[in-house]
Amino acid sequence: MSRFSVENIRNFSIIAHVDHGKSTLADRLLELTGTIDKTKNNKQVLDKLQVERERGITVKAQTASLFYNWEGKQYLLNLIDTPGHVDFSYEVSRSLSACQGVLLVVDANEGIQAQTVANFFLAFEAQLSVIPVINKIDLKNADPESVEKQIEKVFDIPGDECIKISAKLGTNVERVLQAVIERIPPPKVHRINPLRALVFDSTFDQYRGVIANVALFDGVVSKGDKIVSAHTKKIHEVNEVGVLNPNEQPAHKLYAGQVGYLIAGMKDVTEAQIGDTLYLHKQPVEPLPGFKSAKPMVFAGMYPIDQSEYNNLKSAIEKLTINDSSVTVHRDSSLALGAGWRLGFLGLLHMEVFNQRLEQEYNASVILTTPTVPYKAVLSSAKLIKDYREKEITIINPAQFPEKSKVTEYLEPVVLGTIITPDEYTGKVMMLCQARRAVQKNMIFIDQNRVMLKYIFPLNEIVVDFYDSLKSLSSGYASFDYEDAGYQTAELVKMDILLNGNIVEELVTIVHKESASRGGTERGRQRIRSRLQALSCQPRAQCGAETCELQDHDLSQSWKLNRLRHPGAPRDKAHSVGKAICERLKDSLPRQLFEIAIQAAIGSKIIARETVKAYRKNVLAKCYGGDITRKMKLLKRQAEGKKKLRKVGNIEVPRDAFIKVLKTQSDK
Amino acid sequence: MALPGARARGWAAATKMAQTRRHAEGAKGSLSPAPPSPRAALYVHWPYCEKRCSYCNFNKYVPRGVEEAAMRSCLVTEAQTLLGLSGVRRVDSVFFGGGTPSLASPNTVAAVLEAVDQAAHLPADSEVTLEANPTSAPGSRLAAFGAAGINRLSIGLQSLDDKELQLLGRTHSASDALQTLAEARRLFPGRVSVDLMLGLPAQKSGPWLRQLQELLGYCDDHISLYQLTLERGTALFTQVQRGTLPAPDPEVAAEMYQEGRALLREAGFRQYEVSNFARNGALSTHNWTYWQCGQYLGVGPGAHGRFVPQGAGGHTREARIQTLEPDNWMKEVTLFGHGTRKHVPLGELELLEEVLAMGLRTDVGITHQHWQRFASQLSLWDVFGSSQEVKALLVQGLLLLDHRGLRCSWEGLAVLDSLLLTLLPRLQEAWLQRAPSPGQGG
């Protein structure tokens with residue numbers, strides 16, 4: 001490997017919106033450079049997970065070293081694939097920090113999408129060279145010229161820098177490789193300095209232990225070296241180093257500027273966390289910047305459908321987390337659902353992927369409760385501060401929610417969301433965002449008829465069904481992506497669910513007190529109106545007052561409707577959440593011998609109510625000599641089942657009722 | 001086969017006088033099986049129907065042709081065998097059910113009754129009921145059944161609305177039903193019952209109540225109101241599943257039931273059981289035996305019985321089921337004298353559970369004396385007196401526990417199955433905690 005001088009090395013990534021052809025392009029590059037055989041059925045070689053191939057997304061970053069001859073020189077091109085989703089933006093940023101440039105792939109038909117933007121800015125912030133690649137030019141509806149203009153407008157990259165390709169057919173792919181060599185600088189590294197290596201990914205192999213993917217910024221590493229993790233400070237002896245093509249291929253040494261893998265007897269992926277820096281024992285170096293431990297943003301309870309499955313599920317979760325250190329696992333138990341866990345995920349997709357892998361790879365079926373976000377509370381009570389040993393606590397489980405009187409303020413996580421939508425949906429999208437308590441930051445036209453909106457969203461507002469709502473109101477055309485934007489103060493309250501006055505502990509929910517239609521005041525409406533008017537000044541051919549009037553008209557209609565539905569009081573978030581829970585309970589609670597009042601309450605104030613009427617008739621009509629055996633059997637089975645029901649006061653609540661209320665809504 | 005005619009007519013003739021007598025006091029006195037008495041009720045199952053009704057999941061068959069002589073002979077044989085096995089000395093009632101037993105020939109009925117009277121005593125005043133479907137020309141046949149020994153009729157009228165009858169897959173019309181009812185009353189005055197169904201898909205409370213009102217103008221002293229139960233495997237169930245028919249609304253059915261029973265009460269009927277109403281003391285003693293957990297023998301394909309096989313030296317009551325399928329049943333009867341497919345001894349607790357579940361279906365409920373006959377060591381007070389859950393039901397006014405015994409209130413009767421989910425586990429618990437009986441110590 002030493003034959004490659006640093007000048008002949010390029011480290012790059014491919015970034016793209018879902019389905020814009022990142023993996024197909026990677027396949028072609030691997031074929032062109034002879035890394036993999038062309039004759040084989042190379043379908044998304046880098047996507048190893050079943051879910052990745054199924055959903056067309058890349059969850060786990062993969063890496064390959066390509067050897068390419070051009071103008072008489074041999075180059076080592078390290079392709080560092082990145083996870084294709086915002087949930088993994090930290091991993092993306094770590095992968096990118098191992099690169100000097102990126103290929104920004106945009107679909108010639110769909111144009112720039114929200115994720116393209118998010119990824120571009122990640123690359124931009126990392127000061128990488130960006131090579132725009134317009135893919136799928138072979139498609140009938142492809143409009144590469146228009147996409148070129150979008151790229152100019154949104155990213156400020158001259159249109160003539162775009163490379164127009166068809167990864168599927170291989171058209172112009174060679175040009176991409178040449179651009180990588182021409183436009184991306186070689187890494188700035190020093191072989192003579194002591195070892196400094198970035199861990200940008202790690203996987204677990206049950207025979208060989210942790211395989212860490214590393215990029216060397218300084219020095220050399222070889223078998224037998226003693227290395228130290230800057231994060232854990234643990235010392236490990238290197239048993240193997242090598243390059244990825246994309247499978248591991250052992251080598252004698254890895255040099256600064258190169259990308260490869262390293263195996264050093266680490267038993268757990270937490271010993272080689274993404275973003276960590278490795279150095280030689282007794283030769284400490286300044287760690288590379290940007291390391292963060294994975295920070296879960298979405299929490300959900302996970303329970304076996306049947307408690308007898310607990311141990312199987314436990315071992316499945318262990319096996320999965322051994323490869324994914326970003327999932328946090330806490331044991332939890334619920335009176336209704338039994339023993340289980342509270343799991344923390346990087347985001348919703350991450351959660352879904354995890355759940356799917358459990359089902360597909362481990363054949364485990366689980367109950368996944370509605371996801372919640374990590375709220376924080378700044379404590380004012382000296383006693384509580386002493387108990388928690390810190391002033392600011394994170395509330396993972398609603399049951400631990402501290403009272404208002406003991407708290408200076410509550411905080412909720414927020415994200416910066418990017419939405420790109422055809423402009424005919426702009427009004428609806430804005431309505432949706434406002435209903436989700438989002439604050440608009442920015443809005444521009446990226447071409448003749450597509451708008452890019454930026455909003456600050458409370459994370460909990462997008463955690464369940466925002467994406468689905470956005471997709472359905474825009475007939476699937478709007479795209480959405482988000483990045484972490486810290487915390488903001490929030491008026492949070494604990495909402496209890498009561499059955500005939502008794503609190504149901506497992507249904508305690510934290511809700512936002514602020515009225516959702518605060519954005520729906522006259523002021524908010526004015527804001528939308530002026531936005532839309534401002535838009536009409538944009539240079540677009542078909543825009544006229546008419547369109548804007550129409551949109552504005554639509555908006556005022558909707559506001560009116562909202563007002564009509566909720567005369568007087570503005571519709572309240574807590575109210576609608578409470579109502580939804582009460583309704584779901586009503587549908588799943590069996591009738592009993594007395595009426596059941598289902599109430600949602602904040603403190604002593606009832607905000608929603610449903611009633612399950614008492615049984616008026618429940619008796620077998622015909623019971624004669626031939627019916628007795630069957631009837632007794634049925635009664636005894638029911639009586640037996642009744643013993644297992646959870647009692648809230650004198651009300652028997654079947655497990656199913658809890659599942660229906662607690663389960664993620666998308667499974668409807 | 002043998003010639004039952006003469007002898008049967010003999011029994012029937014002897015009972016001619018008794019037929020007109022009311023069999024009124026069924027609820028009291030006449031059934032007190034104090035020490036396991038060698039008496040029982042007897043059920044005879046006729047498994048054939050002309051046509052399948054859309055709601056019925058009973059054990060019935062629509063045959064091409066019935067070998068009635070063979071069937072008759074088997075019914076007679078099995079009745080003899082089971083009576084012998086039970087050691088029963090006296091049969092208090094006989095009930096011909098089905099299927100459609102009114103399709104059997106009166107000869108068959110006569111033959112069975114004669115055999116019963118021969119094997120055990122069938123007193124002249126015994127209640128002998130036949131389930132009959134309305135037909136267009138009922139007169140002569142019903143008279144023939146009367147001559148064969150039948151003294152009570154239960155008519156499957158079901159509805160007075162032709163559209164509903166069609167939905168139910170019945171072969172008769174509303175006018176057939178009324179004609180049959182009139183004819184039956186003429187032949188069996190004071191001893192005719194009619195069934196009326198409620199809670200059909202799309203049925204409304206108002207029109208149904210008007211049907212009941214109309215029926216009150218024609219009926220005799222006994223009415224049964226049955227809420228439709230959608231049974232898996234019936235045509236109606238499938239139609240509702242597929243959505244071609246609306247599912248019956250339980251709220252509407254509950255309303256019909258409440259209004260219906262109120263209407264019947266005003267008309268002077270006593271609701272002596274969940275679905276059964278009688279005036280002038282015209283209760284069915286046969287069915288009363290079931291709810292009081294008296295002994296009964298089941299003869300015919302798929303018939304159920306509950307008796308102590310004393311004739312074979314047994315001491316424990318058994319739940320017995322005959323082979324379901326008529327041809328197989330006949331083979332078994334021919335070979336072994338009976339077609340009992342299964343007999344399971346009933347434990348003491350199991351029997352008590354039945355006493356509880358069945359007894360509470362009646363208006364008198366379970367009297368202390370009645371309970372005592374089955375549980376000498378454990379009183380109703382011992383079982384239910386101290387339970388908080390039971391107390392809640394008493395307070396709610398659904399259940400009564402007093403010097404007379406344990407019974408449902410008017411409201412409680414309509415939700416008995418829910419009450420039993422509290423009462424049955426309580427009984428099990430009390431049974432397990434009971435003081436060991438003196439005989440068993442050690």
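**Salt bridges, strands and the interface**

Guide: In this predicted model, a network of salt bridges links A:Lys579, A:Glu583, A:Lys586 and A:Glu610.

Visitor: How far apart are the closest N and O atoms of A:Glu595 and A:Arg609?

Guide: A:Glu595 is partly exposed, with a relative accessible area of 45%, and A:Arg609 also counts as partly exposed, at 43%. A salt bridge needs a side-chain nitrogen of Lys or Arg within 4 Å of a carboxyl oxygen of Asp or Glu, and A:Glu595 and A:Arg609 form one, with their closest N and O atoms separated by 3.8 Å.

Visitor: Where do A:Glu595 and A:Arg609 lie, and how many residues apart in sequence are the parts that the pair ties together?

Guide: A:Glu595 is placed in the loop between helix 15 and strand 30 (596-602) of chain A, and A:Arg609 in strand 31 of chain A. The pair therefore ties together parts whose separation in sequence is 14 residues.

Visitor: In chain B, what separates B:Glu183 and B:Arg186 along helix 6?

Guide: These two residues form a salt bridge in which the closest N and O atoms are 2.3 Å apart, and B:Arg186 counts as exposed at 57% relative accessibility. Because B:Glu183 and B:Arg186 are three residues apart in helix 6 (residues 174-187) of chain B, what separates them is about one helical turn.

Visitor: How many salt bridges does the rule find across the interface of chain A and chain B?

Guide: Over all chains the structure holds 36 salt bridges. One that joins the two chains brings together the side chains of B:Glu231 and A:Arg630, at 2.9 Å, N to O. Across the interface of chain A and chain B, the number that the rule finds is six.

Visitor: Which element gives the most to the side of chain A that touches chain B?

Guide: Between chain A and chain B, 19 residue pairs are in polar contact, counting pairs with both residues at pLDDT 80 or more. On the side of chain A that touches chain B, the greatest contribution, 11 residues, comes from helix 16 (residues 628-643) of chain A.

Visitor: Which residues of chain A lose the most area to chain B?

Guide: The contact draws 28 residues from chain A and 41 residues from chain B, and the area buried between the chains is about 3,300 Å², with carbon and sulfur atoms giving 57% of that area. Together, three residues account for 22% of what the side of chain A buries, and those that lose the most are A:Leu593, A:Arg616 and A:Tyr624.

Visitor: How many residues of strand 19 of chain A are buried?

Guide: Strand 17 (residues 298-304) of chain A pairs with strand 19 of chain A in the antiparallel sense over five bridges, and within strand 19 it is A:Arg342 that stands opposite A:Gly301. Strand 18 (residues 328-334) of chain A also runs antiparallel to strand 19, joined to that strand by seven bridges, with A:Ser333 having A:Ala339 as its bridge partner. A hairpin of three residues connects strand 18 to strand 19. Strand 19 (residues 338-345) is mostly covered, and of its eight residues the number buried is seven.

Visitor: Is A:Ile659 buried or exposed?

Guide: A:Ile659 lies in helix 17 (residues 655-662) of chain A, and beyond its neighbours within four places in sequence, A:Ile659 is in contact with A:Leu337 and A:Ile367. Because the relative accessibility is 14% and the cut-off is under 20%, A:Ile659 counts as buried.

Notes
Residues numbered from 1 in each chain as written. Chains lettered and ligands numbered in written order. Predicted model: local features only at pLDDT ≥ 70, side-chain atom pairs only at ≥ 80, totals over all residues. Heavy atoms only, no water. Contact = heavy atoms within 4.5 Å. Buried area = accessible area lost by both parts, 1.4 Å probe. Polar contact = N/O pair within 3.5 Å; in protein donor to acceptor, adjacent residues only side chain to side chain. Helix = DSSP H or I, 4+ residues; strand = E, 2+ residues; numbered from the N terminus. Buried < 20%, exposed > 50% of the residue type's maximum accessible area, 1.4 Å probe, protein only. Pairing = 2+ DSSP bridges.
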